[in-house]
Amino acid sequence: MKYITLVCNAGMSTSLLVKNMKKSATEQGIEADIIAIPDSELESRAENFKIDVVLLGPQVRYLKNKIAKLLEPKGVPVETIPPADYGTMNGKNVLSLALKLAK
């Protein structure tokens, strides 16, 4: 099981992407817990739940260094979702990125 957390401003704009990622995971037989949360909830979530990788929506990419510093002690990689994949809600590509990072 891989635990993938997507972060955006309000946690709502990534809902469709999460849905597409879950569909892709199911089609590929991959067990993944994929959620979207607002950036304001990440610190609490990181303290209380398992996270294998954090992917940032392009609109919050400016938070990458701050979030990476927060999650570095836990060894959790942080990356920005490519704008083209985010814009097209390409769940397959974003899932592939997450799995590559979460090794």
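1. Helices (H or I, at least four residues) and strands (E, at least two) are DSSP runs, numbered from the N terminus. Residues are numbered from 1 along each chain as its sequence is written. This is a predicted model, in which local features need pLDDT of at least 70 and side-chain atom pairs count only at pLDDT 80 or more, while totals for chains, interfaces and linings use all residues, and side-chain values use heavy atoms, with hydrogens and water left out.

2. Helix H1 covers residues 15-28, which is 14 residues. The expected span of a helix is 1.5 Å times one less than its number of residues. For H1 that gives 20 Å, and the end C-alpha atoms are 20 Å apart, so the two agree. H1 is followed by Gly 29, which has a positive phi, near 70°.

3. Buried means under 20% relative accessible area, exposed over 50%, and partly exposed in between (1.4 Å probe, protein chains only). The buried residues in H1 are Leu 17, Val 18, Met 21, Ser 24 and Ala 25. They cover an arc of only 125° around the axis, and therefore lie on the same side of H1; the arc is that of the directions from the helix axis to the C-beta atoms. Lys 19, Lys 23, Thr 26 and Glu 27 are exposed on the other side of H1.

4. Contact means heavy atoms within 4.5 Å. The partners against which the buried residues of H1 pack are strand S1 (2-8), strand S2 (32-38), helix H4 (83-87) and helix H5 (91-101).

5. In H5, Gly 91, Val 94, Leu 95, Leu 97 and Ala 98 are buried. Their arc around the axis is only 160°, which puts them on the same side of H5. Lys 92 and Lys 100 are exposed on the face of H5 turned away from its buried side. The buried residues of H5 pack against S1, H1, S2, strand S3 (53-56), strand S4 (78-80) and H4.

6. A cavity is a set of points, on a 1 Å grid over the protein atoms alone, where a 1.4 Å probe fits but cannot get out; lining residues have an atom within 4 Å of a point. Grid points are joined across faces, edges and corners, and a volume is the space filled by probe spheres set on the points. The structure holds one cavity of 30 Å³ or more, and the largest cavity has about 30 Å³ of space.

7. Which residues line the largest cavity? They are Tyr 3, Ile 4, Thr 5, Asp 33, Ile 35, Arg 45, Lys 50 and Ile 51. S1 and S2 each supply at least two residues of this lining, and S1 gives the largest share, three residues.

Conventions. 1 Å grid on protein atoms, 1.4 Å probe; cavity = no way out; pocket = protein on both sides within 12 Å on 5 of 7 lines; lining within 4 Å.
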